[in-house]
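Here are a few exercises to work through with the structure open beside you. Try each task before you read its solution.

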Amino acid sequence: MLVGKVVKKLSIIMKETLRYLAGIAGPSGYGSNSTAEQVTQDSSSSLFSLPNSQLTAIVTGATSGIGAETARVLAKRGVRVVIPARDLKRAGEVRERIQKESPKAEIILLEIDLSSFASVKRFCTEFLSLGLPLNILINNAGKFSQKLEFSEDKIEMTFATNYLGHFLLTELLLDKMVDTATNMGIQGRIINVSSVLHNWVKKEHFCFTNLLNPNK
């Protein structure tokens, strides 16, 4: 029975992997070959073209990869983009590239270290003090710590950054998103970017006690 379950799970994983590699569209109508420009173009006629209502989005992990491309295209569609970053120099370079393409883009840079609860709280306090609306929160930042290391809060670094930091960020900004939706009449969105690669990891390899205890 156990062998059958393993085979079934592997079959599902392989099928999803092949769909990804082939670019086959999922339930959303988009696949791995879809670009951010295509997705936002389909939405721009309704969401991004509302009169007198500039949207504001926070995109974590926007200094490279998917996050940088997301920030670029949102800014191109007229969205005010807030980029939280550990490295403000890299964030500044991203802003410069975006504004070369979209000179009127409003890009706000704020410092954050998602592995640190104190840093997440400081970021939220600083953002909220700006008095801006918040329509979109994209939790995209992530890291993989190849060696066992712990955050300043004594939590394993990958777990602290990818999961707990984003949970706290969302929790602290949720009221602002609710208020924004009420005031603007536009339903907000919280988007959590993840990966199917977690399916390849055996659950018995995880022990949450060890993730929270640097002495083990």
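**Exercise 1.** Is F159 buried or exposed?

Solution. First, a word on the source: this is a predicted model, in which local features need pLDDT of at least 70, side-chain atom pairs count only at pLDDT 80 or more, and totals for chains, interfaces and linings use all residues. Residues are numbered from 1 along each chain as its sequence is written, and side-chain values use heavy atoms, with hydrogens and water left out.

Next, take the cut-offs: buried means under 20% relative accessible area, exposed over 50%, and partly exposed in between, with a 1.4 Å probe and protein chains only. F159 has a relative accessible area of 15%, so F159 is buried.

**Exercise 2.** Find the aromatic pairs and describe each one.

Solution. Start with the rule: rings of Phe, Tyr and Trp (its six-membered ring) pair if their centres lie within 6.5 Å; planes under 30 degrees apart count as stacked, over 60 as edge-to-face and the rest as tilted. Searching the whole structure gives two aromatic pairs. One of them joins F123 and F127, with 6.4 Å from centre to centre and 15 degrees between the planes, which makes the pair stacked. These residues are four apart in helix α5 (residues 117–129), so about one helical turn separates them. Helices here are DSSP runs of H or I with at least four residues, strands are runs of E with at least two, and both are numbered from the N terminus. F123 and F127 are both buried.

Now turn to F159 and Y163, a tilted pair with centres 5.9 Å apart and 40 degrees between the planes. They sit in helix α6 (residues 157–184), again four residues apart, about one turn of the helix. Y163 has a relative accessible area of 53%, so Y163 is exposed, whereas F159 is buried.

**Exercise 3.** Trace how strand β1 is connected to its neighbours.

Solution. Begin with the pairing rule: two strands pair if DSSP finds at least two bridges between them. Strand β1 (residues 56–59) pairs in the parallel sense with β2 over three bridges, and A57 stands opposite V81 in β2. Right-handed means that, with the strands pointing away from the viewer, the path from the first strand over the helix to the second runs clockwise.

β1 also runs parallel to strand β4 (residues 136–139), joined by three bridges; here V59 has I138 as its bridge partner. Finally, look at the two faces of β1: T56 and I58 on one side, and A57 and V59 on the other, are all buried. In a regular strand the side chains alternate between the two faces of the sheet.

**Exercise 4.** Follow the chain from β2 to β3.

Solution. Strand β2 (residues 80–85) and β3 run parallel and are joined by five bridges. V82 stands opposite I108 in β3. Together with helix α4 (residues 88–101), β2 and β3 make a right-handed β-α-β unit. As for burial, four of the five residues of β3 (residues 107–111) are buried.
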